[in-house]
Amino acid sequence: MKSRSFPLSQKYIDFINTIDNVDADFLEGTTASGKTTVGAGVKFMRMVSLSSKKQHIIASKTIGNAEKNLIQQDNGIVDLHKPRVRYYGNGDKEYKIPHIKFEDKIIFVLGYDNRDKWEFVLGAQFGCVYIDEINTADIDFIREVSTRNDYLMATLNPDDPSLPVYKEFINRSRPYKKYEHEVPREIMKELKEESVPKWRYWFFTFVDNLSLTPEDIEKKKISAPKGTKLYKNKIQGLRGRVTGIIFSNFTHKHNVITLKQLESHLRAQVDRWQFIYFSCGVDTAYSQQSPDTISFIFQGITMCGKLVILDEEVYNNADLEIPIAPSDTAIRLVKFLEKNRKKWGFARDVFIDSADQATITECRKYKRNNPCLYNFINAHKKMLIIDRINLMLGWINCNNIVFYYVLSHCVEHIREMEVYSWKETKYEPEDTNDHTINASQYGWIPYKNKIGTGGQ
């Protein structure tokens with residue numbers, strides 16, 4: 001199927017023609033990739049036409065946004081489907097809210113910023129639902145409407161991957177094998193939630209938008225400075241908050257290494273890559289009502305002053321049928337320490353958040369009652385958080401010199417490094433997405449003078 005108004009890449013042709021055994025399509029990617037135009041204007045309208053139900057939904061942040069970006073723009077729904085489409089922005093005698101009449105179907109147009117209005121509409125079952133920029137939508141709206149349709153399409157711009165919409169919806173979809181290699185590996189690693197068999201994931205870029213010339217693409221690429229989160233989101237199509245990121249100089253290219261790469265450095269003894277210290281830090285949160293985690297971080301410091309996050313273990317009581325108690329943490333922590341002692345080396349002193357005396361007490365009780373090599377110590381928290389952050393910023397990348405590395409399997413620590421953010425109203429970090437970061441800091445604070453200085 002080809003649009004009469006613009007050329008379509010083979011990927012878009014396959015996307016439009018994939019209509020069997022699909023209950024949901026999630027479209028993510030770079031700016032100007034054409035996903036909104038093709039998604040809303042072509043495939044969604046095709047699915048509406050094929051549906052046996054009369055009522056359908058298009059939802060955007062506001063009705064004005066829907067009109068501007070989906071309905072009335074060039075190559076928008078009205079432009080592509082006239083004269084079969086009529087848009088009633090103020091409603092009509094039959095339906096008092098904005099809607100589109102298409103063939104014998106009604107497509108209600110909603111703004112998900114107005115809870116009263118969408119709650120009023122969502123009392124029935126619908127055929128097809130389109131959600132524009134689902135990453136910004138009210139999560140309660142998404143949850144409600146997701147149970148009231150035969151087919152769902154959603155577009156999104158890359159955003160903070162800790163948002164619940166990723167875990168509950170987007171990361172449960174999977175790409176077709178034909179196009180799986182075109183999904184950035186950082187995103188493929190996040191598509192790890194239990195999949196829904198008929199939910200499909202599509203990643204589109206500039207090259208999929210055949211209406212863009214090479215000059216157009218180059219102009220867009222140079223519009224955002226390389227290395228910024230804006231470049232990462234808009235040009236590369238990778239997830240991560242755009243503003244307020246604390247460790248904005250942290251990148252996969254410079255700071256994430258594989259186990260094989262590290263072992264190669266150690267065998268070759270490149271630049272004094274031999275570990276001289278190991279440490280472990282622990283941060284805890286036992287709530288069953290929050291995403292806060294119980295986090296263990298095992299790390300090593302090399303002779304040349306490099307800090308390497310070697311292993312992590314993370315638990316969230318909200319995800320567990322039987323929640324973890326401080327006594328359970330003690331047992332799990334010793335197993336974690338022993339595993340890494342055999343793999344890497346001995347971290348005798350373990351630094352635990354001093355605010356959690358219950359866990360420290362249970363760990364010390366375990367040491368009294370069992371053969372145990374480890375000392376469980378209150379973390380030294382006199383160093384201000386802002387000072388810890390400043391040290392890390394210098395270690396992560398200063399004039400292309402890197403002293404801070406993370407093994408690639410430590411996915412939760414990598415995630416936190418990419419989303420840990422400043423508060424909007426204060427020059428201090430948000431109290432979220434920081435548990436493995438805190439654990440790491442507790443572990444390296446006693447050795448801070450050995451990091452970033454050649455180990456001297």
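Modeller: A disulfide is a pair of cysteine sulfur atoms within 2.5 Å. This is a predicted model, where local features need pLDDT of at least 70, side-chain atom pairs count only at pLDDT 80 or more, and totals for chains, interfaces and linings use all residues. Residues are numbered from 1 along each chain as its sequence is written, and side-chain values use heavy atoms, with hydrogens and water left out.

Biologist: How many disulfides does a search of the whole structure find?

Modeller: In general, a disulfide is a covalent bond between the sulfur atoms of two cysteines. Here the search of the whole structure gives zero.

Biologist: Are Cys280 and Cys304 buried or exposed?

Modeller: Buried means under 20% relative accessible area, exposed over 50%, partly exposed in between (1.4 Å probe, protein chains only). Cys280 is buried at 0% relative accessibility. Cys304 is buried too, at 9%.

Biologist: Which residues of α15 are buried?

Modeller: Helices (H or I, at least four residues) and strands (E, at least two) are DSSP runs, numbered from the N terminus. Helix α15 covers residues 357-369. Its buried residues are Thr359, Ile360 and Cys363. They lie on the same side of α15, because they cover an arc of only 100° around the axis, taken from the directions from the helix axis to the C-beta atoms.

Biologist: What do the buried residues of α15 pack against?

Modeller: Contact means heavy atoms within 4.5 Å. The partners are α14 (326-343), β13 (349-352) and β14 (375-378). Exposed Arg368 and Asn369 sit on the face of α15 turned away from its buried side.

Key: Expected span 1.5 Å × (residues − 1).
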